[in-house]
Amino acid sequence: METPFYGVPRLTAELKRRGYKVNHKRVRRLQKTLNLRTVYPRPHFNTSESYPEHEKFPYLLRKSKIERPNRVWSTDITYTAVAGHRAFVIGIVGWFSRKVFT
């Protein structure tokens, strides 16, 4: 196959350009019948998957009322891909004002 990275829309347009009378529904059905899948790059890391061995903690602030500043703060750290590398992002939130400090 010369273009395994073409999805249904591009493949439909290419076949029409070559003179075939097809629509996207037929192309999708044929791809499914022939068990063809579009090849595209997959993400290298997934930040949403939890690690099964990590301990899960209960939510301790469920019944707390946050009525004044500097009572509850939270922080989070994550990373994202920037120019092919990982960039870490750290955020701190004051829950009373909902102000984010980075």
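Strands are DSSP runs of E with at least two residues, and helices are runs of H or I with at least four, numbered from the N terminus; two strands pair if DSSP finds at least two bridges between them. The views below show a predicted model, in which local features need pLDDT of at least 70, side-chain atom pairs count only at pLDDT 80 or more, and totals for chains, interfaces and linings use all residues. Residues are numbered from 1 along each chain as its sequence is written, and side-chain values use heavy atoms, with hydrogens and water left out.

**View 1. The hairpin of β1 and β2**. Strand β1 (residues 73-82) pairs with strand β2 (residues 85-94) in the antiparallel sense, over ten bridges. Within this pairing, Asp76 lies opposite Gly91 of β2, and Tyr79 has Phe88 of β2 as its bridge partner. Two residues separate the strands of this hairpin, and Ala83, in the turn, has a positive phi of about 55 degrees.

**View 2. The hairpin of β2 and β3**. Strand β3 (residues 99-101) runs antiparallel to β2 and is joined to β2 by three bridges, with Lys99 of β3 as the bridge partner of Gly94. Four residues lie between the strands of this hairpin, where Arg98 adopts a positive phi near 65 degrees.

**View 3. The open sheet of three strands**. The strand order is β1-β2-β3, and the pairing is antiparallel. Because β1 and β3 stand at the edges with a single partner strand each, one side of each is left without a neighbour in the sheet. From one strand to the next the twist averages 30 degrees, where axes are lines fitted to C-alpha atoms (for helices, over the stretch in contact) and angles run from 0 to 180 degrees between N-to-C directions.
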